Amino acid sequence: MPSSNSHHNSANAQVNHIACPDCDLILSIPSLAVNEVTYCTRCDATLLKNQKNSINRTLAFAITGLILFIISNLFPLLSLKAIGLTQESSLLSTAFALFQADQPLLSLIILLTTFVFPATTLVGTIYILIQVKTNRINTYTAPLFRFLRSTDAWGMLEIFLLAILVALVKLGDVADVIYGVSLYAFCLLILSLSLLSYSLNPQDVWNKLRDKQEVSI
Ligand SMILES: [Zn+2]
């Protein structure tokens with residue numbers, strides 16, 4: 001069928017120029033078939049992957065993540081019981097306690113890496129993907145997406161979880177530790193954020209933004 005073939009070719013004729021994220025080599029890449037992945041010819045880093053439904057899947061992980069984020073912050077992560085006293089700690093109260101203990105810088109780092117950046121990532125991703133899905137892209141979409149991509153690595157939930165686990169092992173002899181529902185939500189939140197990052201295909205969003213821009217110009 002030559003007619004459908006030529007149509008197919010013209011739809012896929014777009015060639016992307018991409019700089020390798022690892023070695024900055026500029027490569028031209030034709031459109032990929034579904035589930036196809038391209039790698040850098042020089043350093044073998046993953047350049048592009050074309051996953052089916054990447055936007056829907058990423059949106060699902062982001063919404064799940066946001067619900068888990070809210071649960072993580074509503075209840076205490078854990079409670080410590082010793083000599084008749086119970087001390088409950090949540091994500092925000094940890095940052096606040098550090099501030100009160102004259103550790104303002106540490107307090108700020110905890111606040112940014114465990115609260116501000118994860119919240120920005122989740123809300124921002126949901127906002128952008130809904131805009132892309134409903135074709136309501138505005139002038140702020142591209143700068144916001146660029147900002148989100150640049151802060152992607154700033155969330156440090158895993159490290160915070162590791163610190164909690166270390167503290168638990170050390171405190172286990174001294175105090176009774178009661179795990180809060182938030183701790184489980186927090187672990188699942190880390191999983192959701194990893195899945196979100198894995199399923200997001202930035203090129204899908206950039207292509208939509210570029211198409212929209214060409215239409216408006
Ligand atoms: Zn490379």
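Student: Let's start with Leu 68: in which helix does it lie?

Tutor: Leu 68 lies in helix H2, and please keep in mind throughout that this is a predicted model.

Student: Is Leu 68 buried or exposed?

Tutor: Leu 68 has 23 C-beta neighbours inside 10 Å, and it therefore counts as buried.

Student: Leaving out residues up to four places away in sequence, what does Leu 68 touch?

Tutor: With those sequence neighbours set aside, Leu 68 touches Ala 185, Leu 188, Leu 189 and Ser 192.

Student: What does the largest nonpolar core look like, and which residues touch the most other members?

Tutor: That core has 23 residues, and the ones touching the most other members are Ala 62, Ile 128, Leu 129, Val 132, Phe 186, Leu 189 and Leu 196. At least two residues of the core come from each of helix H2 (54-74), helix H4 (104-134), helix H5 (141-150) and helix H7 (181-199).

Student: And which helix gives the most to this core?

Tutor: H7 does, with six residues. As general background, nonpolar side chains in soluble globular proteins tend to be buried together.

Student: Take Leu 129, then; what is it in contact with, leaving aside neighbours within four places in sequence?

Tutor: On that basis Leu 129 is in contact with Ile 55, Thr 58, Leu 59 and Ala 62. These contacts belong to the packing of H2 against H4, where Leu 129 is one of the H4 residues that meet H2.

Student: How do the axes of H2 and H4 cross?

Tutor: They cross at roughly 145 degrees and come within 9 Å of each other, and the crossing is left-handed. On the H2 side the residues involved include Ile 55, Leu 59, Ile 63, Gly 65 and Phe 69, which meet H4 residues including Pro 118, Leu 122, Ile 126, Val 132 and Lys 133.

Student: What about H4 and H5, at what angle do they pack?

Tutor: H4 and H5 pack at an angle of about 145 degrees, with their axes 10 Å apart, and H4 passes H5 in a left-handed crossing. Thr 121, Gly 124, Thr 125, Ile 128 and Gln 131 of H4 make this contact with Thr 141, Leu 144, Phe 145 and Leu 148 of H5.

Student: Now helix H3, residues 91-100: how does it pack with H4?

Tutor: The angle between H3 and H4 is about 165 degrees, and their axes are 7 Å apart. The two helices are therefore roughly antiparallel to each other, since angles over 145 degrees are counted that way. H3 passes H4 in a left-handed crossing, and among the residues that meet there are Leu 91, Ala 95, Leu 98 and Phe 99 in H3 and Leu 106, Ile 110, Leu 111 and Phe 115 in H4.

Student: Where is Asn 201 found, and what does it touch beyond residues up to four places away in sequence?

Tutor: Asn 201 is in the loop between H7 and helix H8 (202-216), and beyond those sequence neighbours it touches Lys 49, Gln 51 and Ser 54. Its 18 C-beta neighbours inside 10 Å mean that Asn 201 counts as partly exposed. From Asn 201 to Thr 58 the C-alpha distance is 8.6 Å, with 143 residues separating them in sequence.

Student: Stepping back, what radius of gyration does the protein have?

Tutor: The protein has 22 Å, whereas a compact globule of 217 residues would be near 17 Å. Along the principal axes, its C-alpha atoms fill a box of roughly 80 × 40 × 35 Å, and 18% of the residues count as buried.

Student: How many helices and strands are there?

Tutor: The secondary structure comes to eight helices and seven strands.

Key. Residues are numbered from 1 along each chain as its sequence is written. This is a predicted model: local features need pLDDT of at least 70, side-chain atom pairs count only at pLDDT 80 or more; totals for chains, interfaces and linings use all residues. Helices (H or I, at least four residues) and strands (E, at least two) are DSSP runs, numbered from the N terminus. The radius of gyration is taken over C-alpha atoms; the globule rule is 2.2 Å times the number of residues to the power 0.38. A residue is buried if 20 or more other C-beta atoms lie within 10 Å of its own, exposed if 12 or fewer, and partly exposed in between; C-beta atoms are placed from the backbone. A nonpolar core is a set of buried Ala, Val, Leu, Ile, Met, Phe, Trp, Tyr and Cys residues joined through C-beta atoms within 7 Å. Two residues are in contact if their C-beta atoms, placed from the backbone, lie within 7 Å. Axes are lines fitted to C-alpha atoms, for helices over the stretch in contact, and angles run from 0 to 180 degrees between N-to-C directions. Angles under 35 degrees count as roughly parallel, over 145 as roughly antiparallel, 65 to 115 as roughly perpendicular and the rest as oblique. A crossing is left-handed if the near helix is turned anticlockwise from the far one by less than a right angle, and right-handed if clockwise.
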